[in-house]
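This briefing sets out the architecture of one protein chain for computational work. Please view the structure alongside the notes that follow.

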Amino acid sequence: MKQMGCVLALLVMVAVSSPAATLTFVATGPVAPGLSPLNENPPHPESNGTGTALITWDTVTNVMTVNAVFSGLTTKTTAAHIHCCISPPGNAGVATTVPFFPGFPIGVTSGTYAHTFDMLNLGSYNPAFLAANGGTAASAAAVLLAGIQKGQAYFNIHTVMFGGGEMRGFLAVPVDVSIKPGSAQPPINTRSRGTIPVAIISTSSFNAVTAVDTTSLTFGRTGTEHSLGFCNSGGEDINGDGLPDLICHFETELTGFNSGDILAILMGKTIQGAVLVGQQAIRTVP
Ligand SMILES: [Ca+2]
């Protein structure tokens, strides 16, 4: 019976640790969190637009979902797409449906959007992107997904005033972080000359200790601050789930936190090149 129990436990573990079929990405950066006019090239600081976008891609079915929320645009929306493939802060052509995502709220300055796409359907692509990437939906899907995974795709909302895009965010893989592990809303002393420990939490499909390119990590008020001191060698299980987590230490002076900040952002890459982003609420002291 004991052996049977072990076998069952192993089967459960195998089921849990098999590669996830659904990949999740959030739009953020390279300058500001989420969808932001500051992420455009050139940036549009005169816009107060804000928003978020969440993309999922099922690697078995090639179904992509797009969820977006936006507000505060200067003028009415004219289009929204995913553009690919270029490293930030570059500008690339439209990969997805033109003139805009089917059903996207057009002619408004705020709205929400949720849609499911079959990425093996030609209609899910800009014909120019298809032509440049093998001419079939399958070849275009492979290029687009690879571009997204390498951090070379961005979600862009276009308006009357900013035809090339009023706000955008590059797609990145969300990770769980724990700042000053053990603190629910960690206090950050903005005048400290010390370091802030940040744990990147492993999951059954993501081993932070072996997967993260530690030299790529940036952390602070926008997520782009080069504040890394060092990472602990080996992992430490800080949340008691049996999986070792990666713990790195960042120089407070270089994180850019100001008194009153409420959010800390960590960005980086995996050794394979996928862009990672994690965020957690903080409070500043004194
Ligand atoms: Ca853990």
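Which residue in strand 15 is the bridge partner of valine 173? The partner is leucine 276, and this pair belongs to the parallel pairing of strand 7 with strand 15 (residues 275-281), which has 2 bridges. The model is a predicted one. Its protein chain contains 4 helices and 16 strands and is divided into domain 1 (22-172) and domain 2 (175-285).

**Overall dimensions**

- The protein chain has a radius of gyration of 20 Å, close to the 19 Å given by the globule rule for 286 residues, so it is as compact as a globular protein of that length.
- Along the principal axes, the C-alpha atoms of the protein chain fill a box of roughly 55 × 55 × 30 Å.
- Of the 286 residues in the protein chain, 39% are buried.
- When contacts between residues at least 6 apart in sequence are considered, 63% of them join residues at least 24 apart.

- The C-alpha centres of domain 1 and domain 2 are 27 Å apart; the contact takes 12 residues from domain 1 and 11 residues from domain 2.
- The largest nonpolar core comprises 63 residues, and Ala153, Leu171 and Val198 have the most contacts inside it.
- At least three residues of this core come from each of domain 1 and domain 2.
- In soluble globular proteins, nonpolar side chains tend to be buried together.
- Apart from residues up to four places away in sequence, valine 198 touches Val177, Ile179, Phe219, Cys248, Phe250 and Leu266.

**Strand 7 and its partners**

- Strand 7 (residues 167-174) is mostly covered, with 6 of its 8 residues buried.
- Strand 1 (residues 22-27) pairs with strand 7 in the antiparallel sense over 2 bridges, and valine 26 has alanine 172 as its bridge partner in strand 7.
- Strand 6 (residues 153-159) is joined to strand 7 by 4 bridges, again in an antiparallel arrangement; within strand 7, glycine 169 is the bridge partner of phenylalanine 155.

**The open sheet 8-10-13-12**

- An open sheet is formed by 4 strands in the order 8-10-13-12, with antiparallel pairing.
- Strand 8 (177-179) and strand 12 (228-231) each have a single partner strand and stand at the edges, so one side of each is left without a neighbour in the sheet.
- From one strand to the next, the twist averages 25°.
- Strand 8 and strand 10 (residues 195-200) run antiparallel and are joined by 3 bridges; isoleucine 179 stands opposite valine 198 in strand 10.
- Strand 10 pairs with strand 13 (residues 246-251) over 6 bridges in the antiparallel sense, and the partner of proline 197 in strand 13 is histidine 249.
- Strand 12 and strand 13 also run antiparallel, joined by 3 bridges; here phenylalanine 230 stands opposite histidine 249.

**The loop between strand 8 and strand 9**

- Lysine 180 lies in the loop between strand 8 and strand 9, and its phi is near 45°, a positive value in a residue other than glycine.
- Lysine 180 has 17 other C-beta atoms within 10 Å, so it counts as partly exposed.
- Proline 181 is found in this loop between strand 8 and strand 9 (187-189); with 16 C-beta neighbours inside 10 Å, proline 181 is likewise partly exposed.
- Leaving aside neighbours within four places in sequence, proline 181 is in contact with Pro197, Ala199 and Ile238.
- The C-alpha atoms of proline 181 and histidine 115 are separated by 37 Å, and the two residues are 66 residues apart along the chain.

**Further backbone features**

- Most residues other than glycine have a negative phi, and most peptide bonds are trans.
- Asparagine 62, in the loop between strand 2 (50-58) and strand 3 (63-71), has a positive phi of about 55°.
- Asparagine 62 is partly exposed, with 18 other C-beta atoms within 10 Å.
- Cysteine 84 and cysteine 85 are joined by a cis peptide bond with omega of about 5°; cysteine 85 lies in the loop between strand 4 (77-84) and strand 5 (111-118).
- The peptide bond from valine 98 to proline 99 is cis, with omega near 0°, and proline 99 lies in the loop between strand 4 and strand 5.

Note on methods. Residues are numbered from 1 along each chain as its sequence is written. This is a predicted model: local features need pLDDT of at least 70, side-chain atom pairs count only at pLDDT 80 or more; totals for chains, interfaces and linings use all residues. Two strands pair if DSSP finds at least two bridges between them. Axes are lines fitted to C-alpha atoms, for helices over the stretch in contact, and angles run from 0 to 180 degrees between N-to-C directions. A nonpolar core is a set of buried Ala, Val, Leu, Ile, Met, Phe, Trp, Tyr and Cys residues joined through C-beta atoms within 7 Å. A residue is buried if 20 or more other C-beta atoms lie within 10 Å of its own, exposed if 12 or fewer, and partly exposed in between; C-beta atoms are placed from the backbone. Domain bounds come from an automatic or database domain assignment. Two residues are in contact if their C-beta atoms, placed from the backbone, lie within 7 Å. The radius of gyration is taken over C-alpha atoms; the globule rule is 2.2 Å times the number of residues to the power 0.38.
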